[in-house]
Amino acid sequence: MKCPACGFPKDKVIDSRLSKDGQAIRRRRECLQCRRRYTTYEYIESSLMIVKKDGRREPFDRQKIMSGLRKACEKRPIGIDLLERLVDNIENEIQAQGHSEVQAPLIGEMVMNALQKLDGVAYVRFASVYRSFREAADFAEAAKSFAQKNEPKK
Ligand SMILES: [Zn+2]
């Protein structure tokens with residue numbers, strides 16, 4: 001980032017935090033030449049909107065999906081890179097269909113479909129994490145009986 005005062009192209013980030021509305025990362029930077037401090041904002045690039053059950057819309061939040069996936073894939077042989085790609089694919093797929101918004105449960109369904117091919121255990125775990133998705137209701141039941149059946153013997 002070019003310093004607004006002297007134009008020097010190098011800075012260091014002193015502080016990084018989420019903006020109040022959670023839609024941007026606010027970074028406090030300091031010019032390495034003149035020490036002037038300035039602020040930059042980093043926004044989510046995705047223009048994809050999620051339509052929630054109550055009709056409200058919110059931007060497609062890959063971090064939210066990633067945290068659910070990471071939880072589901074705990075101690076499973078699945079790398080973060082693979083999960084990042086899974087989310088990329090879903091976002092691309094929706095946008096390739098020409099949609100700028102998508103129903104929240106559909107996202108859950110797409111994630112579960114992708115996960116099912118990847119890892120059965122992670123799939124069932126994810127379904128239980130995403131109980132709030134309408135379509136996940138039945139999967140949550142499946143997850144419960146699965147967990148009981150597969151409880152590791154101590
Ligand atoms: Zn400067």
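Reader: How do β4 and β6 pair, parallel or antiparallel?
Author: Parallel: in this predicted model, strand β4 (residues 49-51) pairs with β6 in that sense over three bridges.

Reader: And what does Ile50 stand opposite?
Author: Ile50 faces Val102 in β6.

Reader: OK, zoom out a bit. What's the strand order in that sheet?
Author: The order is β5-β4-β6, three strands making an open sheet with mixed pairing. At the edges are β5 (57-59) and β6 (101-103), each pairing on one side only.

Reader: How much twist?
Author: From one strand to the next, the twist averages 30°.

Reader: Which strands does α3 lie across?
Author: α3 lies across β4 and β6. Relative to β6, α3 runs at about 80°.

Reader: Switching to helices. At what angle do α2 and α3 cross?
Author: Roughly 135°, with the axes of α2 (residues 80-96) and α3 (residues 104-118) coming within 10 Å. That angle is why α2 and α3 are oblique to each other.

Reader: Left-handed or right-handed crossing?
Author: The crossing of α2 and α3 is right-handed.

Reader: Which residues make the contact?
Author: On the α2 side you've got Leu86, Asn89 and Ile90. α3 brings Ile107, Met110, Val111 and Ala114.

Reader: How does that set divide into nonpolar, polar and charged?
Author: The α2 contact with α3 has six nonpolar residues, one polar and no charged.

Notes: Residues numbered from 1 in each chain as written. Predicted model: local features only at pLDDT ≥ 70, side-chain atom pairs only at ≥ 80, totals over all residues. Axes fitted to C-alpha atoms, helices over the stretch in contact; angles between N-to-C directions. Helix = DSSP H or I, 4+ residues; strand = E, 2+ residues; numbered from the N terminus. Parallel < 35°, antiparallel > 145°, perpendicular 65-115°, else oblique. Left-handed = near helix turned anticlockwise from the far one by under 90°. Contact = placed C-beta atoms within 7 Å. Nonpolar A, V, L, I, M, F, W, Y, C, P; charged D, E, K, R; others polar. Pairing = 2+ DSSP bridges.
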